[in-house]
Structure formats: C-alpha cells, structure tokens
Amino acid sequence: MVKGNLFILSAPSGAGKSSLISALLKHESSRPMQVSVSTTTRNPRPGEENGVHYHFVEKKTFEQQIAENVFYEYAEVFGNYYGTSSAAIDEQLSQGIDVFLDIDWQGAQQVRMKKPDVTTIFIAPPSRKELENRLRGRGQDSDEVIADRMAQAQSECSHYQEFDYIIVNDDFDTALTDLVTIVNNQRLKRSQQTTVYQDLFNDLLAND
Ligand SMILES: Nc1ncnc2c1ncn2[C@@H]1O[C@H](COP(=O)(O)OP(=O)(O)OP(=O)(O)O)[C@@H](O)[C@H]1O
Ligand SMILES: Nc1nc2c(ncn2[C@@H]2O[C@H](COP(=O)(O)O)[C@@H](O)[C@H]2O)c(=O)[nH]1
C-alpha cells in the first residue's frame with residue numbers, strides 16, 4: 001500500500017488554517033485525509049471538545065509526555081505547550097491516509113528535519129488589519145489575547161520563506177482551490193504512484 005502524505009499548514013493565528021483544513025476534509029477526495037489532533041496545555045475555548053479539537057492536558061502531563069518521547073514535534077506557543085503525537089500520525093500514514101498538521105513554524109522546522117518529504121504550506125492573511133478583524137470576529141479571545149496574537153503574527157510571518165507553498169487566504173473559495181491543487185499535485189508525483197501503477201508499467205514495458 002502507498003503510504004499517506006504528510007502536509008503542514010502554518011500561519012499566524014486567525015489567518016484561517018483551521019477553516020481551510022476543515023473545508024478540505026469535506027471536499028471530494030481520491031484518498032482518505034485526516035487532521036492530526038494535537039495535545040495542548042491551553043484552556044479549551046467555548047465549544048471546543050477534548051479529543052476533537054485538541055487533547056487538553058495539564059502542564060505536568062505534557063512535560064511527562066515530552067520525557068517519554070511521545071511527541072513527533074512540540075513547541076511553546078503563546079505561553080502554552082502544543083505537540084503532535086508520533087504514534088497517531090505514524091499509524092495514519094501507514095494506512096495510506098494523508099495527514100494534515102496545523103502547527104506553528106517551530107513545529108514545522110522539527111518535522112522537516114525528521115521527514116524531508118513533508119509538504120509545507122504557509123497561509124498568509126491578506127493584510128494585518130484583516131488578520132485582526134478575523135481574530136476579533138471569531139469572538140473567542142480577550143483583547144489581551146488578541147494583542148498577544150497580533151504581536152506574534154510578525155514572528156510567524158518572518159518564516160514564510162521556509163515553506164514550499166504560499167496561499168493568501170483572501171477569498172476563501174480561491175484559497176481552498178489553491179489548497180486542493182497543492183494536495184493533488186503531491187498525490188500525482190511519480191514517487192507516489194509507482195506502486196499503484198506497477199502492473200500498468202509492467203505491461204507497457206513488456207516485450208511482445
Ligand atoms: N477567507 C476568509 N475570509 C473571511 N474570514 C475568514 C476567512 N478564512 C477564515 N475566516 C474566519 O477567520 C477566523 C479565524 O479563522 P481560523 O480559526 O480558521 O484561523 P486559524 O488560523 O486556524 O487560527 P488559530 O491558529 O488561532 O487556530 C474565523 O472566524 C474564520 O471563520
Ligand atoms: N508546534 C505546534 N504548534 C501547534 C500545534 N497545535 C497547534 N499549534 C499552533 O498553535 C497556535 C495557536 O493555536 P490555537 O488553537 O491556540 O489558536 C497556532 O499557530 C497553531 O498552528 C502543535 O501540535 N504543534
């Protein structure tokens with residue numbers, strides 16, 4: 001079986017990566033796709049469910065999991081820990097599922113070191129003003145949290161050159177089409193198709 005592809009989406013908080021991944025997962029697809037559920041020490045927002053949006057844990061538990069080597073990558077973002085469990089993504093990739101990581105630039109750097117064939121995508125907002133509007137429009141964070149996220153946005157954006165692709169999420173449908181194109185592009189690579197088309201190429205290369 002062909003292994004699944006690993007994709008990373010990074011962006012300043014509020015640029016729309018969760019919305020884009022969620023829309024992508026509802027889109028028609030030739031292969032199964034899943035978003036990795038990260039572990040975090042931040043408090044749940046209203047409406048967020050444990051095990052669905054994140055695995056919410058205490059700082060002590062997270063630090064124990066770091067010591068037990070549970071994480072493929074982890075980072076401290078906005079004063080909280082966030083991490084991706086190795087076991088979950090290895091299992092999904094080995095089942096041929098394409099896996100999407102919604103992680104920050106620090107996590108992206110760690111994954112690139114371990115898995116150089118990862119496809120990395122940077123989602124940019126159309127402007128700083130619009131980014132702030134989206135954070136406010138989400139209605140889930142205090143003024144203080146929003147100010148902190150706006151301050152951090154510059155640091156996240158300063159890493160855009162490390163990514164394979166850039167999508168500017170201005171018009172949502174256009175950004176989604178761009179994301180679908182990138183995913184299909186990766187799936188059409190020869191390295192991804194050699195096993196699938198082995199019989200076809202055996203036939204095409206056979207001597208009469
Ligand atoms: N193209 C768009 N145009 C207008 N609003 C958008 C667009 N994309 C997303 N949004 C809205 O912007 C807000 C932030 O989006 P979202 O939560 O997906 O961002 P995020 O990058 O995943 O943030 P975080 O990293 O904090 O989880 C949401 O209210 C979402 O509905
Ligand atoms: N390095 C990692 N970064 C992660 C992970 N899960 C989420 N994130 C990033 O954190 C910020 C804030 O997210 P929020 O849900 O609190 O708004 C955002 O940039 C995410 O991409 C992870 O497992 N590792």
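This is a predicted model: local features need pLDDT of at least 70, side-chain atom pairs count only at pLDDT 80 or more; totals for chains, interfaces and linings use all residues.
Next, select ligand 1. Its shell also holds 14 residues, with Ser13, Gly16, Ser18, Ser19 and Arg134 the closest. Here the elements that give two or more residues are α1, α5 and α7 (172-187). Sorted by class, the shell around ligand 1 has four nonpolar, seven polar and three charged residues.

Now highlight residues from an annotation. An unreviewed UniProt entry carries the annotation "binding site", which covers Ala11, Pro12, Ser13, Gly14, Ala15, Gly16, Lys17 and Ser18. Two of these residues are the next stops.

Pick Ala15. Where does Ala15 lie? Look in the loop between β1 (6-10) and α1 (17-26). Is Ala15 buried or exposed? Ala15 counts as buried because 27 other C-beta atoms lie within 10 Å, and the cut-off for a buried residue is 20 or more. Show the residues that Ala15 touches, leaving out those up to four places away in sequence: they are Ile123, Ala124, Pro125, Leu131 and Asn169.

Move on to Lys17, which sits in helix α1. With 24 other C-beta atoms within 10 Å, Lys17 is buried. Which residues does Lys17 contact, once its neighbours within four places in sequence are set aside? Select Leu9, Ala11, Asp102 and Ile123 to see them.

Go back to Leu131, one of the residues touched by Ala15. Leu131 belongs to α5 and takes part in the meeting of α5 with α6. Select both helices, α5 (residues 128-138) and α6 (residues 143-157). Two packed helices are described by the angle between their axes and the distance between the axes. For α5 and α6, the axes come within 10 Å and cross at roughly 145 degrees. The crossing of α5 past α6 is right-handed.

Finish with the side chains at this contact. From α5, show Leu131, Glu132, Leu135 and Arg136; from α6, show Ile146, Arg149, Met150 and Ala153, which they meet. Which classes of residue make up the contact of α5 with α6? Five residues are nonpolar and three are charged, with no polar residues.

Note on methods: Residues are numbered from 1 along each chain as its sequence is written. Chains are lettered from A and ligands numbered from 1 in the order in which they are written. Axes are lines fitted to C-alpha atoms, for helices over the stretch in contact, and angles run from 0 to 180 degrees between N-to-C directions. Helices (H or I, at least four residues) and strands (E, at least two) are DSSP runs, numbered from the N terminus. A crossing is left-handed if the near helix is turned anticlockwise from the far one by less than a right angle, and right-handed if clockwise. Two residues are in contact if their C-beta atoms, placed from the backbone, lie within 7 Å. Ala, Val, Leu, Ile, Met, Phe, Trp, Tyr, Cys and Pro count as nonpolar, Asp, Glu, Lys and Arg as charged, and the others, Gly among them, as polar. UniProt positions are given in the numbering used here, feature names are shortened, and annotations may be inferred rather than shown by experiment. A residue is buried if 20 or more other C-beta atoms lie within 10 Å of its own, exposed if 12 or fewer, and partly exposed in between; C-beta atoms are placed from the backbone. A residue is near a molecule or strand if its C-beta atom, placed from the backbone, lies within 6 Å of it.
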